[in-house]
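User: I have a structure open here and would like to go through it piece by piece. Could you help me read it?

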Amino acid sequence: MAKKFVCSTTEPIVQTKAGKLRGIIVDGTYTFHGVKYADAQRFQPPTPPQSWEGVKDAHSYGYVCPMLDKETAIGEIMVPHRYWPKDENCQYLNIWSPSIDPAAKKPVMVWLHGGGFSAGSSIEQIAYDGENLSKFGDVVVITLNHRLNILGYLDLSPYGEKYKNSANAGNADLVAALEWVRDNIAGFGGDPDNVTIFGQSGGGAKVFNLMQIPAADGLFHKGIIMSGVFDGLLGPAPDKDSRPLIEAMLAHLGLDASQVEQLETIEYEKLAEAYKAVAPEIGKQGHYTGNGPLENEFYVGDPREVGFTDHAKTIPVIIGSVFGEFAFRPGVSHKYDLTEEEQMAMLRKPLKGSAEEVARLFKECYPEKNLTDLLALDTMCREASKDFARKKAAHTESATYCYLFNFEFPYDDGHCAWHCADIPFFFHNTDKVVICDVPGVSDKLEEQMAWSFVNFARYGVPDCPSLPHWDPCTPEDVATMIFDRECAVRHNHDDALYKAYMPIAPNPFAPPEKEDEEAIFLH
């Protein structure tokens with residue numbers, strides 16, 4: 001069906017601090033792509049964008065940050081992607097809004113993309129498109145790019161004052177983007193005093209990072225962390241001394257410490273090649289390898305380790321994860337045709353002598369699921385998310401809510417939810433990701449999930465009429481909204497299961513043994 005498109009010499013035009021921008025209108029949604037929110041020199045803090053005369057078109061997405069590795073198109077049915085030209089000059093954002101009336105004061109939802117702190121972009125996933133969520137929720141949706149990997153998170157502070165926050169340059173970009181929102185979003189119909197930041201995976205981590213960055217205080221008012229805290233199989237934390245890494249990179253490039261400034265101008269591909277050549281060995285030695293924020297005066301640190309700042313305590317939070325997270329392996333063929341004994345036979349080897357006890361606890365938690373789904377149960381995000389929720393809920397200045405996305409997809413004879421699988425539902429974009437489609441089911445679930453986020457952004461409470469009442473967490477009670485064919489709130493429902501499961505849980509990243517390939521899930 002054709003959409004109504006508007007883009008004339010006079011509309012839609014919005015005045016920003018730097019100059020006028022012209023977007024487009026698609027079926028009543030005002031859309032502006034590739035809006036420059038900051039500039040920056042390599043390893044340096046961001047600065048306000050240069051102003052311009054006349055009217056600049058905001059019709060094309062801006063550059064995305066260069067990546068350490070070339071993209072590979074794989075698993076697109078599960079997480080469909082799109083790719084875009086890259087450049088270090090990547091501080092751009094995109095806006096979808098129901099109005100450009102400064103008096104409209106719509107809630108603002110700012111999306112922080114995944115990919116850890118080293119990859120991804122504001123448009124990388126098809127499901128990141130903000131039009132449907134803006135229209136459905138009557139909210140302003142923003143997605144943004146920022147510096148990543150060695151451009152955004154490489155600590156050069158031992159080599160001079162001008163590099164004092166190079167380890168957090170990417171997060172400094174995020175602060176600059178939120179400052180741009182504060183200063184300009186009213187012209188796009190948004191309320192700068194009602195801003196929610198939300199993100200998944202690395203984007204979820206960026207949410208709690210910003211909660212711990214004093215420079216971001218007051219720039220946002222609520223946070224949503226989707227599969228953004230991790231435990232379990234990540235290994236010990238490295239030390240925080242970046243000199244072994246930097247010196248190894250310099251040596252690979254034929255330079256020494258007196259020539260560190262040459263890292264500012266060497267072409268990115270050579271810099272990335274040097275990093276990739278030396279970082280694995282540096283990491284094996286337990287040293288800093290970058291590609292993530294570093295605690296300093298700018299960033300207070302992970303709140304689960306150092307505690308929440310006084311301001312972070314006031315931020316209402318939703319935190320959640322999905323049932324399978326890194327379960328990208330093919331599903332068990334015809335699993336619903338297996339007898340219970342056949343299912344148990346598939347569990348005994350990977351779960352060792354604990355299979356019967358863990359299976360019993362699993363059935364208590366998830367009586368509707370097949371026992372073979374135990375092989376896909378998340379071991380990285382769920383327990384970490386509950387830990388975050390308990391610690392945040394200890395501060396009663398604001399509420400903390402927890403969710404678990406439990407939906408089974410019509411793929412491989414029934415595939416549990418994987419990392420990123422909840423994004424199309426929360427963005428109201430299941431129409432763009434065909435694997436989500438279950439007639440009579442997915443449309444309803446999408447509305448419930450999108451409404452919960454929209455109402456949280458608008459009111460700070462995720463309740464909506466089509467869902468059960470969503471209780472906030474307490475330190476003793478992680479009340480979890482289960483998003484599934486039938487949604488329900490459960491209280492500490494999987495604590496006993498995880499206590500028994502975690503000590504013997506299979507490593508989701510280990511290659512499957514040949515005889516187990518049909519029983520374990522990897523893409």
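User: Which strands does helix H10 lie across?

Analyst: This is a predicted model, and in it helix H10, made of residues 382-393, lies across strand E11 (222-226), E12, E13 and strand E16 (479-483). Helix H10 runs at about 165° to E12.

User: How do E12 and E13 pair, in the parallel or the antiparallel sense?

Analyst: Strand E12, which covers residues 317-322, and strand E13, which covers residues 400-405, pair in the parallel sense over 6 bridges. If you want a place to look, find valine 317, which stands opposite threonine 400 in E13.

User: And what holds paired strands together in general?

Analyst: Strands of a sheet pair through backbone hydrogen bonds, and they do so in either a parallel or an antiparallel way.

User: How many strands form the open sheet with E12 and E13 in it?

Analyst: There are 12 strands in that open sheet, in the order E1-E4-E5-E7-E9-E8-E10-E11-E12-E13-E16-E17, and the pairing is mixed. At its edges are strand E1 (5-6) and strand E17 (488-491), each of which pairs on one side only.

User: What about the sheet with E2, in which order do its strands come?

Analyst: That open sheet has 3 strands in the order E2-E3-E6, again with mixed pairing. Strand E2 (13-15) and strand E6 (55-57) each have a single partner strand, so one side of each is left without a neighbour in the sheet. From one strand to the next, the twist averages 30°.

User: Which residue in E6 is the bridge partner of leucine 21?

Analyst: The partner is lysine 56. Strand E3 (residues 20-22) and E6 pair in the parallel sense over 3 bridges.

User: Changing topic: which residues touch the most other members of the largest nonpolar core?

Analyst: Ile95 and Leu210 do, in a core of 59 residues, and helix H3 (residues 169-184) gives the most to this core, with 8 residues. Leaving aside residues up to four places away in sequence, leucine 210 touches Leu112, Leu174, Val175, Leu178, Ile197, Ala216 and Phe220. Another core lies apart from this one and has 52 residues, among them Trp111, Ala127, Tyr128 and Met449.

Key
Residues are numbered from 1 along each chain as its sequence is written. This is a predicted model: local features need pLDDT of at least 70, side-chain atom pairs count only at pLDDT 80 or more; totals for chains, interfaces and linings use all residues. Side-chain values use heavy atoms; hydrogens and water are left out. Two strands pair if DSSP finds at least two bridges between them. Helices (H or I, at least four residues) and strands (E, at least two) are DSSP runs, numbered from the N terminus. Contact means heavy atoms within 4.5 Å. Axes are lines fitted to C-alpha atoms, for helices over the stretch in contact, and angles run from 0 to 180 degrees between N-to-C directions. A nonpolar core is a set of buried Ala, Val, Leu, Ile, Met, Phe, Trp, Tyr and Cys residues joined through side-chain atoms within 4.5 Å. Buried means under 20% relative accessible area, exposed over 50%, partly exposed in between (1.4 Å probe, protein chains only).
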